[in-house]
Amino acid sequence: VTRQHNNKPGNKLITMVNQREQLGAVTVIVADTGEIESIKKYKPEDATTNPSLLLQAASKEEYAKLVDDAVEFGLKQKDGDVVTHVMDKLAVNFGTEITKIVPGVVSTEVDARLSFDTQATIDKARRLIALYKENGVDKSRILIKIASTWEGIRAAQELEKEGISCNMTLLFSMAQAVACAEANATLISPFVGRITDWYKASTGTENYGPEDDPGVKSVRAIYKYYKNFGYKTVVMGASFRNIGQILALAGCDKLTIAPKFLKVLAESEDDVPTHLKAEEKSEDIEKLSFDEAGFRWALNEDAMATEKLAEGIRRFAADSVKLENIIKKKIEEFKAKQ
């Protein structure tokens, strides 16, 4: 069964089948995974990874070569910490493989433990881009993922001036979104599901419909704010808990979606209405701007954003430590073979 949809600019009638294709006509679909096989299967435009996703992938036998190559590389380095070298190289190895599959960009995350250190974040981003260059991947194919702390946003501002594009992650509030746009960040990743998780836990609400979902409402508000004031920063909804959240953001610039949801979308032929349109402007939206004190105060006033940002950094940091422990074992195994 095929239907004609009238979603695209210029009102050209396009024949499409499933929800994934309908959504892809109005929103760039990104795969939220480090699983190379999943990316091959679902053929997204871009892909995003993070320490948690890399941890899952690096533990699998089929990616052992990428891990072994990173270990060998790390042991050859003359200075610095071997484990850090291996971690950086591993992230870049996965990213490099993904660039061979997706036509667009791949996001690689800076160590979450650097979230409050602007200079260390800048240094790490430069290092990752240099490693990509050694692998034959141009920086135009890479987004460096940085937590949306004040320090991370300042790092992004500097990196963007150098031509290194940034994906601002762990974003839960309008204050973070405004500060990222003012810093000329290439892209933001507001976390839909984690916002809703917080409201479910704090209010006792078990289920939200898509129109009432706090995460959906947050991303819609940010999208409208950006389009209203002409910001070029791309809005990429992330961290979905259900299909309803994804479909409620149809029309958003990009959505990064886990393979399990890409599968569900590909298997459904229900209609996908467009909810977000760049051309819709509003007179009622107030222009905001934040210096450091104002940013910290606005974030502090938002209990959800404060708690979810802190928790997100802790979780990514904990998964980085787990990945480091796997790497330490691999290093010992490698040395034992020599």
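A residue counts as exposed when its relative accessible area is over 50%, and as buried when that area is under 20%. These terms are applied here to a predicted model.

Helix α12 has two contrasting faces. The face turned away from its buried side carries K260 and E267, both exposed. P259, F261, L262 and L265 of α12 are buried. These four lie on the same side of α12, because they cover an arc of only 160° around the axis. In general, an α-helix has 3.6 residues a turn, so residues three or four places apart point the same way. Several elements cover the buried residues of α12. Among them are the helices α1 (19-26), α2 (36-42) and α11 (243-247). The strands β3 (28-32) and β10 also take part in this cover.

Two loop residues were examined in turn. T233 sits in the loop between α10 (214-228) and β9 (234-237). T233 has a relative accessibility of 3%, and therefore counts as buried. Beyond residues up to four places away in sequence, T233 touches C180, A181, N184, A185, T186, L187, I188, Y226 and D253. With A185 there is a polar approach: the backbone oxygen of A185 lies 2.7 Å from a polar atom of the T233 side chain. K60 is 173 residues from T233 along the chain, and 35 Å separates their C-alpha atoms.

R141 occupies the loop between α6 (118-134) and β6 (142-147). Its relative accessibility is 23%, so R141 counts as partly exposed. Neighbours within four places in sequence aside, R141 is in contact with T99, V102, P103, G104, V105 and V106. The C-alpha atoms of R141 and P103 are 8.8 Å apart, although 38 residues separate the two along the chain. V102 provides a backbone oxygen that lies 2.7 Å from a polar atom of the R141 side chain.

Note on methods: Residues numbered from 1 in each chain as written. Predicted model: local features only at pLDDT ≥ 70, side-chain atom pairs only at ≥ 80, totals over all residues. Heavy atoms only, no water. Buried < 20%, exposed > 50% of the residue type's maximum accessible area, 1.4 Å probe, protein only. Arc of directions from axis to C-beta. Contact = heavy atoms within 4.5 Å. Polar contact = N/O pair within 3.5 Å; in protein donor to acceptor, adjacent residues only side chain to side chain.
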